[in-house]
Amino acid sequence: MNDTEFIPIIGLEIHVQLKTASKLFCSCSTDEADPNSNVCEICLAYPGSMPSLNLEGVRKSIMAGIALNSHIADITSWDRKSYMYPDLFKGYQISQYDRPICYDGNVEFIVRSRKNYYSSDAYIKRIGIFRAHLEEDTAKSTHEGDFTYIDANKAGIPLLEIVTKPELYSVDEAVSFAKKVRDLMRWFDISECDMEKGHMRFDANISICVNNPNIKSKSYEEWEDILFTPIVEIKNLNSFGNLEAALEYEIKRQIEEYKQTGNLYSKGQKETRGFDADKGITYIQRKKEEANEYRYIPEPDIPYLEITQEDIDQIKSQMGITPLEAADSIRSDVPNISEYVIELILGERRLFDIYIDLKQETGLEPRKLINLITNELKPDLDLLIDQQDKLSDWLNQIIQVLIYFRDNKVSQNQLKIMFSKHQVGETDFEKLLSELKNDEVDIDLQSIVNTVVESNPSVVEQIKGGKESAKMFLVGQVMKITKGKADPNEIKSLIDKKINEI
Ligand SMILES: [Zn+2]
């Protein structure tokens with residue numbers, strides 16, 4: 001069998017940290033702080049303490065469900081997932097078992113080759129989502145030498161676990177999908193998805209289909225008589241790079257193992273592996289517990305939650321434009337715009353909002369405006385996009401500058417000069433603008449006058465002969481070149497000066 005006929009079958013569990021001010025079952029802050037300072041009797045699991053549900057976590061989960069085209073449960077409930085670990089003080093985690101808040105969804109995304117991102121081989125794929133459930137995070141343990149340090153700040157932070165169907169059939173599909181989820185969560189402000197802060201982590205389930213290269217076009221429900229290698233779950237991948245590297249390694253490893261042993265999946269045959277990012281290899285951790293080994297039991301301290309269609313409609317109405325609708329609106333503003341530019345503008349919801357604001361405030365032609373945003377404005381925007389106060393101040397100044405540009409009082413070249421000066425620390429656009437005008441009148445205007453005078457010798461002869469009205473022809477020529485920016489009286493005196501020198 002040829003290696004290309006082995007098809008990876010990948011399903012992802014994506015843990016997303018929801019952006020809420022307080023934890024899921026207590027009022028402790030979710031902000032970064034010194035270790036063990038955002039804690040209380042509830043998240044430290046003192047006996048007798050009672051959890052109470054943070055509805056903002058529920059609201060963000062419903063938003064995620066809508067973004068993932070999922071059904072939202074009309075009744076959702078919580079369960080205790082029992083296991084022993086030093087960073088799990090209660091001896092169980094409050095999670096959701098048989099009534100997850102979101103279920104049965106799907107996501108459409110563009111699959112791109114990681115090696116050739118903008119190649120024409122990109123294609124659109126739809127993947128099914130089994131469920132997305134809301135649970136609490138555990139504390140964080142750090143191992144150093146003989147010691148293990150526990151920080152409880154993270155204990156109780158809300159996590160949404162999104163579980164896909166095993167319908168990702170290549171590393172490109174898995175990574176493209178994971179990025180799509182990040183983009184959706186950020187777009188709707190559900191999560192910051194800051195990978196470095198651990199806001200998004202992946203568990204990847206992977207095996208290799210050994211008898212059906214055609215599986216690639218099939219959904220999970222359409223699988224028939226397929227044979228595949230034992231399923232491996234790779235735990236706790238904390239970056240797209242690690243997701244990619246772990247999957248690539250595991251695909252090769254499983255194909256090799258199959259070639260040597262011929263082992264195929266049979267029920268219960270499943271193992272958990274970790275990923276060593278330094279060595280680029282996966283390593284065996286344990287044979288996986290089946291779900292019933294967690295001994296899920298209903299959480300008695302948190303009542304069932306009813307979610308009405310009205311609740312869902314209200315949340316939906318607050319979510320605003322979707323990325324697909326935003327892309328369509330850019331396409332209708334600027335026909336034939338490249339997909340690359342659309343992606344650039346849609347990479348950040350705020351960038352798209354800025355485009356819409358600037359379009360309304362400046363009345364600039366959309367193509368010109370997008371061109372400016374992606375070229376001249378992008379370096380400033382990248383710096384300012386997370387600093388709301390500075391950003392609004394900057395935008396107010398930019399609007400005035402862009403209106404000058406729209407009215408041809410500032411050329412594209414001059415804009416470039418202003419923005420590049422601004423990027424090295426000149427913060428006052430008014431000052432930059434007046435400098436530009438002075439420069440132009442002092443230096444450029446005289447040289448324009450000189451050129452006009454020199455290229456119209458017969459007109460100059462008429463003026464010298466006393467025909468004062470002929471001078472207006474030259475003034476008109478200079479006005480035309482400067483697009484009406486210069487003062488006619490000043491032009492006249494510069495013309496006189498030049499003619500006197502001849
Ligand atoms: Zn607490």
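Helices (H or I, at least four residues) and strands (E, at least two) are taken here as DSSP runs, numbered from the N terminus. The model is a predicted one, so local features need pLDDT of at least 70 and side-chain atom pairs count only at pLDDT 80 or more, while totals for chains, interfaces and linings use all residues. Residues are numbered from 1 along each chain as its sequence is written, and side-chain values use heavy atoms, with hydrogens and water left out.

Asn 236, in strand S12 (residues 231–237), has a phi near 60°, a positive value in a residue other than glycine. Asn 236 counts as exposed, at 52% relative accessibility; the cut-offs are under 20% relative accessible area for buried, over 50% for exposed and in between for partly exposed (1.4 Å probe, protein chains only). Asn 336 sits in the loop between helix H5 (323–333) and helix H6 (339–346), also has a positive phi, near 65°, and is exposed with a relative accessible area of 79%.

Then there is the packing. At least three core residues come from each of domain 1 (3–205 + 290–310) and domain 2 (321–427), with bounds from an automatic or database domain assignment. Beyond its neighbours within four places in sequence, Leu 358 is in contact (heavy atoms within 4.5 Å) with residues including Leu 369, Leu 395, Ile 398 and Leu 402.

As for rings, the whole structure holds 13 aromatic pairs. Rings of Phe, Tyr and Trp (its six-membered ring) pair if their centres lie within 6.5 Å, with planes under 30 degrees apart counted as stacked, over 60 as edge-to-face and the rest as tilted. Phe 6 and Tyr 258 are edge-to-face because their planes are at 75°, with centres 5.9 Å apart. Phe 6 lies before strand S1 (7–17) and Tyr 258 in helix H3 (residues 240–261), so this pair ties together parts 252 residues apart in sequence. Phe 6 is buried at 6% relative accessible area, whereas Tyr 258 is partly exposed at 23%. Tyr 220 and Trp 223 are also edge-to-face, 5.1 Å centre to centre with 80° between the planes.
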